[in-house]
Structures are given as structure tokens and as C-alpha cells.
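Here is a brief report on surface charge, strand pairing and salt bridges. Keep the structure open while reading.

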Amino acid sequence: MKKKFFVALIMMSALIIPMKAQESTDTKPALNTKALTESEVSQIDTLSAFLKEYLVQKLKANDDGTFALDTVSILYDKHIGILEYLNASGTPRYVPTNPDMYRFFVPFTYYRSPMDEFTQVDLPENEYMANKSLSATQYGIKDVTADFARKKEQDRLFSLALLDAYVAHPEKIVRTETELEEVSAFKDQMDKEKSKKKTVAQLVGKRDAIDEVQSDVDIYLKKPNWWRFYGSYSLQVTQNYVSDNWYKGGESNYSLLATVQLNLNYNDKEKVQWDNQLDAKVGLGSTPSDKFHKFLFNTDQVRLSSKLGVQAAKKWYYTLSAELKTQFFHGYKANKEALVSSFAAPLDFNLSVGMDYKLNTKRVKLSVFMAPLTYAMRFIGDPNVDEVAYGLAEGDRLKHSFGSEIKPTFSWKVAKNITFESKLDYLTSYTWTRIDWENTFNFILNKYLSTKLYVHARFDDSAAPKNGSDSYFQLKELLSFGINYSF
């Protein structure tokens, strides 16, 4: 404790001693360094070993060319004595540079380090790291621990001084460290300018034509189009020829399948999505053995659907869905003249309210529509069609039902030239159930040729099974090759 007090006393006297020494120059005799011997120098240097750690004796030049002995503190000589060294007359002198102090001489700039220095939380040192000691010298490495500690203390003092200046005179700050970081070096700018490629106009050298371009240009703002129209057409053909004398029998036939799918969708990229689709399929085949018909329609369907959704969450939409489904032509059974179906006989209309989940990625598109409330209507518009076969009471042409509906739609790009589409429509009135599941594999050979595999599975217990069968399950499959065009 006494030693610390003594050291503090010496530090305080460090600034007083030079002034006292200056006053004593009038009473002490002037010294001539040329006449001093070694014994005289040793007598003058009377500082003890302890005081030499804090004080130093120097010869100070007087105006008449003589020198006087002066005692100053080491700290004073290091930080303030350099100014006297610079002001002394004589030849130019070498002054060591200190790049750490550049922040005090450039235009007043706000740096982040002072604030970071005094706002960080000092966590207690890890016990393992506190007890761990490594000596750099034992590995032949220069020990720079003291240099780093001195540098750290110096930075702390600089940050303290800057922070005090920021608080006292914030109006004098002319720029920030962030602004300095955004300014590229002059050399980097020159290198970039040298490496810039010449433009076509510079290479050609004809700038007159460019200068003649009118500067008055009308600007047109094009309103974004939230509508998207796309679709596909296909014509698939199958053919089979068997001669009359073929040893196993059989008959020649051919079939044709035409499909059209048109989509008109609205998406404002924010809340509203409106999907509209027209899906039409017509397929017919020759029937040489049918004594009543040369051709029969094995596929006949036209479906118009519309789905309006308002976003409720990221992938969920409040949705109102409507669907109208019927066929184009008259339908018959083989070797029978009774009319089975025709346009608007039957005609099914569904109106549903629910939630729609949508997932759209590069290869997969998924929509799962769940409607707890659904209105279903079936209409028989042709009196020659048996209404009982479609679940209506005899003599009725219209049937209303209420229930629920689930309608998943899935599209998957299996490979570059293979796509798979699946549509499932589950409708129930809690007294009957109707399920339609359509699956289409499209094998694309090139832009215009493709092979399609179409599988349609159906379950319907709203009407009695047909043709004496006890099963409500129905299945239709078609494999064809033909022309395909998408836009």
C-alpha cells in the first residue's frame, strides 16, 4: 500500500518537476557538455534504481547554447517531450509515427468501437482457461502478451477519449464509420475502370448515330395482367385389322379419342385466386358385330368447373366451388336400341363451400378441397332416358341432395417426358356415396406425339347396379397413341 502511494506521489510530481527545474536554471551553473568527464557525469546521475523506473535526467538546451540538467518523468518525456523535441532548433528530426492515433487527426468521425468498448458485458473467465498457462517461449515463439496488453490499454484510452468527445460535441461529427466503409479505395476504382469492357458503340466508333437519338421518350405504364390462359389438345387413335379368314377369328376395328382442356385462372398474387376449367373428352369405336350401331361412344364427358378462393393462411383458402357435368352425344349399349344417355341427361351440378389447401412446387401441384356443405342436383332432360337408372324416382326429372364433398387434384412431373394427373371427387349425402377417380399417364415422345393411359374408376350406390350386376364398382381403361399439343 505504501509503495502504491509512493508511486502515485511520484506520478503527480512528474508534471511539477520540469517547472521547478526550469526555475532552477537561473541559480544552477550552466554545464558545457564538451568539458564533462566520465566522473562528472556519474556524479550528476544521482537517481536511485527505484526512481529510474519513473524518472529520467536529461540535458536541456538553453538559449545561449549551453545545457542544464533537467529531471523529467518518463511518461512526460514520452507523450509531451516529443513536442519540445519537434520545436527545438536544428536540423529536421525523425519522429516515430503512431498509426493508432489517426482517428484524432482525420475529420471528426463516429466510430463504433468506443461504444462497443464500454457497452459490452464482461462475463466471468472460464475456470479452466484461468488456470491454464502456456508459455510461448517454450515453443520458440516470441512472447507478445505484453505487447497485446499494452495495445489493448491504448485502444481503451483512445475509445474513452472519443466517447467523451461524442457526448460533449455530437454536432461536430461530420461522417460515420458506415459511410467510410461504403467508399471504395481510389486504386480499386482505377483498376475497375481499366478492366471495363468497351461497349459496341465504342468498338464501332460511330457515335453520331447514337447522339441523334431523341431524348424525348414517352413512358407507358403497363397494368399487370393477373389472368392466365392455357390448355392442351390431343387426338389419340387405335386401329386393329383382322382378315376374314384369320385362323383364330376376330374382327377389325378402330377407335378415336379426342380431348380438350382449357384453363382460365386469375391470381392477384395477394389474396384472391379464381380457377376455371373446361374439360371435354369424346371417344368412339367401330362395332362391326353390332347389328344396330356402326359406332358406339365409349367416352363422352364435358365438365365445366369454377373455384373461387380467398386466402386465409399461407396455403389455405376460403373457397366456393361449382361444377357442371354432362355429355355431348347419345349413348347406347351394344346390340341394344334403348337410349342410355344424351345431352343434359343426366346433368349433374354441385355447389360447395369449404377450405382449399394448395401446394405448388416445380414438379408437384396439389389441391385438396374439403367442403362440409355441398348442394348436389341431378337433372334428366331427355324423356327417352330412364330416370330410375340414375337414382331418381319414376316420373321425376330433378333431384336435390345436400351433403359433403372432398376433391383432391394432383399433378406430378415424374420425369422430363412423363406426367401423371389424378382427380378424385368424393360426394356423399349420407344416404348414398358417389366417387369418381380419374388418372391419366402421359408419355410425351416429342412436342406433338404422345402416348396416354387413361384409367377411370367409379363407385355409385345412388342407383341400382346395371346389367344385372351386384357391384357398384365400375372401371374403364384406355391406352392410345396420337397427337398432343399444349400452349
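## Charge and strand pairing

On the surface, Lys362, Arg363, Lys413 and Lys416 gather in a patch of positive charge. The model is a predicted one. Lys362 sits in the loop between β12 (347-360) and β13 (364-379). Its relative accessible area is 83%, so Lys362 is exposed.

Now the strands. β15 (residues 418-428) and β16 (residues 433-444) run antiparallel and are joined by 11 bridges. Across this pair, Glu421 stands opposite Thr440 of β16. The hairpin of β15 and β16 has four residues between the strands, and Tyr430 there takes a positive phi near 70°. β16 also pairs with β17 (residues 449-460), in the antiparallel sense, over 11 bridges. Four residues form the hairpin link from β16 to β17. Asp436 stands opposite Arg458 in β17.

The model holds 18 salt bridges. The table lists three of them.

| Salt bridge | Closest N and O atoms |
|---|---|
| Asp279 with Lys423 | 3.7 Å |
| Glu405 with Lys407 | 3.7 Å |
| Asp436 with Arg458 | 3.1 Å |

Asp436 lies in β16 and Arg458 in β17, so this pair ties together parts 22 residues apart in sequence. Asp436 is buried at 8% relative accessibility. Arg458 is partly exposed at 21%. Elsewhere, salt bridges with shared partners join Asp279, Lys281, Arg303, Lys423 and Glu438 into one network.

Note on methods: Residues numbered from 1 in each chain as written. Predicted model: local features only at pLDDT ≥ 70, side-chain atom pairs only at ≥ 80, totals over all residues. Heavy atoms only, no water. Patch = residues over 30% accessible without salt bridge, like charges linked within 9 Å, V, L, I, M, F, W, Y side chains within 5 Å. Areas by Shrake-Rupley, 256 points an atom, 1.4 Å probe, with all protein chains shown as cover. Salt bridge = Lys/Arg side-chain N within 4 Å of Asp/Glu carboxyl O. Lys, Arg positive; Asp, Glu negative; His and termini not counted. Charge placed at Lys NZ, Arg CZ, Asp CG, Glu CD. Helix = DSSP H or I, 4+ residues; strand = E, 2+ residues; numbered from the N terminus. Buried < 20%, exposed > 50% of the residue type's maximum accessible area, 1.4 Å probe, protein only. Pairing = 2+ DSSP bridges.
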